[in-house]
Amino acid sequence: MGLDHTQDGPETTEAMTTLLFLDFDGVLHPLWAPAPFNDWQLEVTLGPTPYPGPFFLHASGLATVLSPFLGHLEIVISSTWGKDRTLDELRRLLPAPVAARVVDAVHHHLPPATKTRSRWEEISWYLQNIRPHQGSRWLALDDDDSGWPAAMRLQLVHCERDLGDTGTRTRLEAALVERHRP
């Protein structure tokens, strides 16, 4: 199911393809459950509650946004869901057109770490060690913007809520259009 990454000239497959690093939690579904009875003070007192599901609520919306770009897009799962799942298991979580473009998962390559890495550190390591010829033709769709250097923020579509937010979908589409201009 992998895509061809042969390098037979300056215009390599990697150079013509945009790589999308895709997070799941906080992107394809909420990260936190809404405060009970919309009582935000209760949430401040007790802390946020992890989202219990249903998961992947916005996967079909992702497929809709990505549809015009799928022919020039490869997807690498950057979610922690990739830690204990095979690539086929990860693909089965997504709509078929999106799943067909999933080529890898960051967590399948990361070396063991003694401390928790930020998402930026994980993606940066992946780009340096697994896709060193990718250049700047990549984008990350993630709710975690911690640790991103200012110079790299243009590569991040930050989900302030999740992909159910029209502003996030609009920013993702604009970023993809920008990367696919001749």
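A residue is called buried when its relative accessible area is under 20%. In the predicted model described here, helix α6, which spans residues 119-129, contains several residues of this kind, namely Arg 119, Trp 120, Glu 122, Ile 123, Ser 124, Tyr 126 and Leu 127.

Of the 182 residues in the protein, 43% are buried, and the accessible surface comes to about 9700 Å², of which carbon and sulfur atoms hold 56%. Among the contacts with a separation of 6 or more, 64% are made by residues 24 or more positions apart.

In soluble globular proteins, nonpolar side chains tend to be buried together. In the present model the largest nonpolar core has 32 residues, and the members that touch the most other members are Leu 22, Leu 66, Leu 141 and Leu 172. At least two residues of this core are supplied by each of β1 (18-22), α3 (59-66), β4 (73-77), α4 (87-91), α5 (96-99), β5 (102-105), β6 (138-142) and α7 (166-179), and α3 gives the most, with five residues. When residues up to four places away in sequence are not counted, Leu 66 touches Leu 20, Leu 73, Ile 75, Val 98, Leu 172 and Leu 176. Another core, of 14 residues, lies apart from the largest one, and its members include Phe 21, Leu 110, Trp 120 and Trp 148.

The second largest pocket has a volume of about 160 Å³, and its lining consists of Thr 80, Lys 83, His 107, Leu 110, Thr 116, Arg 117, Ser 118, Arg 119, Glu 122 and Asp 144. By residue type, this lining divides into five charged, four polar and one nonpolar. Arg 119 and Glu 122, which both belong to this lining, are also among the buried residues of α6.

With its neighbours within four places in sequence left aside, His 29 is in contact with Phe 24, Tyr 51, Pro 54, Phe 55, Phe 56, Leu 57, His 58, Trp 81 and Asp 162.

Ile 130 is found in the loop between α6 and β6 and, because its relative accessible area is 29%, it counts as partly exposed. Leaving out residues up to four places away in sequence, Ile 130 touches Asp 104, His 109 and Trp 125. The C-alpha atoms of Ile 130 and Val 106 are separated by 9.1 Å, although the two residues stand 24 residues apart along the chain.

Pro 68, in turn, has its place in the loop between α3 and β4. Exposed residues are those with over 50% relative accessible area, and Pro 68, at 59% relative accessibility, is therefore placed in that class. Pro 68 and Leu 176 are 108 residues apart in sequence, yet their C-alpha atoms lie 9.5 Å apart in space; Leu 176 is also one of the residues touched by Leu 66.

Note on methods: Residues numbered from 1 in each chain as written. Predicted model: local features only at pLDDT ≥ 70, side-chain atom pairs only at ≥ 80, totals over all residues. Heavy atoms only, no water. Core = buried A, V, L, I, M, F, W, Y, C linked by side-chain atoms within 4.5 Å. Buried < 20%, exposed > 50% of the residue type's maximum accessible area, 1.4 Å probe, protein only. Helix = DSSP H or I, 4+ residues; strand = E, 2+ residues; numbered from the N terminus. Contact = heavy atoms within 4.5 Å. 1 Å grid on protein atoms, 1.4 Å probe; cavity = no way out; pocket = protein on both sides within 12 Å on 5 of 7 lines; lining within 4 Å. Points joined across faces, edges and corners; volume = space filled by probe spheres on them. Nonpolar A, V, L, I, M, F, W, Y, C, P; charged D, E, K, R; others polar. Areas by Shrake-Rupley, 256 points an atom, 1.4 Å probe, with all protein chains shown as cover.
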